[in-house]
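Hi all, thanks for coming. I'll walk you through one model today, starting with the ligand and ending with the domains.

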Amino acid sequence: MEVLERAYAKLNISLDTPFVHPNGDQEWDMLMVAIDLADTLTIRTTTKHHDIIVESTSGILPLNEKNLAFQAAMLMRNEAQVSEGVEIHIDKRIPVAAGMGGGSSDAAAVLRGLNRLWKLNRSEQELAQLGLQIDADVPFCVYSRPARVTGRGERVEPLTAKLPPLWLVVSKPAISVSTPKILRLIDYEQVEHGDMDKLMEAVNTSHFNQAYKAMFNVLEPLTATRFPEIIKLKEKMLQFGADAAQMSGTGPTVFGITDKHSRAKRIMNGIKGFVSETYLARLIN
Ligand code: ATP
């Protein structure tokens, strides 16, 4: 038996981390969205063997237990108490290690896919709780709808108000950012937190111009100290007409937002000459 699942990239419209738990887990407060830049996973179960086999069109991903999709298959097999083999093919489109949650989204897609194949009837909330064992972004990726995400990533509250149709120009400079290294740079006494409640209020009452002004990512200055091109890229997005621009996650991906397709294309064309790995994407609402 076989199912297809789309694994959407995530962007952090806003990101705060108020403190770190004694065991080292990060506490988060984020407004997250999914975009239609996506991997496609073909997930197959078989009684011919008992292995988990991961294949990918990307040459740089681990295909063993280090792959988050593999880990999700292991989790679901334990959950379902089955020993069937699982074969996963990942058609990789989401840039790797970009701050777009590609691995987490693949894992979430495997949770959803095996839930369907084995008719486990787990709710999104149950899959999200399971997924937290893999990575903080997996619970959000199970939903892949605009949501405020708090706690260690396990509290996902989808927005009640619908966002307008938005275009996102997503640009990944050719630099590698290590998430743990950036997280270690945070000085909790010094860090300037934004006002997430104000942002949520603006979003929930559809005051999008106010929302754009209230967007923030506390990690952006840390990554930008090491890689100043992130700020230059942000400025270019704004110059070409984005209503707002910001780094996602720990970077290096920067995105620009607009509700006009013509303007999104102008930003896209302008940025492409500067950073070749640039995509035009739509919000998943
Ligand atoms: P994070 O911020 O959670 O570190 P990211 O969103 O920046 O992640 P990913 O594309 O998820 O980036 O890749 C992070 C790391 O996870 C890479 O080193 C990659 O080798 C590993 N990884 C494991 N499984 C996958 C997968 N299925 N897709 C992408 N990366 C994966």
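So, which of the 22 residues around the ligand come nearest? They're Asn67, Gly102, Gly103, Asp106 and Thr179, where a residue counts as near if its C-beta atom, placed from the backbone, lies within 6 Å of the molecule.

Quick housekeeping: this is a predicted model, so to speak of local features we need pLDDT of at least 70, side-chain atom pairs count only at pLDDT 80 or more, and totals for chains, interfaces and linings use all residues. Residues are numbered from 1 along each chain as its sequence is written.

Back to the ligand. α1 (68-80) and α2 (102-117) each supply at least two residues of the shell, and α2 has the largest share, with four. Helices here are DSSP runs of H or I, at least four residues, and strands are E runs of at least two, numbered from the N terminus. By type, the shell has nine nonpolar, nine polar and four charged residues. Nonpolar means Ala, Val, Leu, Ile, Met, Phe, Trp, Tyr, Cys and Pro; charged is Asp, Glu, Lys and Arg; the others, Gly among them, are polar.

Now the domains, with bounds from an automatic or database assignment. Domain 1 is 2-158 and domain 2 is 167-284, and each gives the ligand shell at least three residues. Their centres, over C-alpha atoms, are 23 Å apart.
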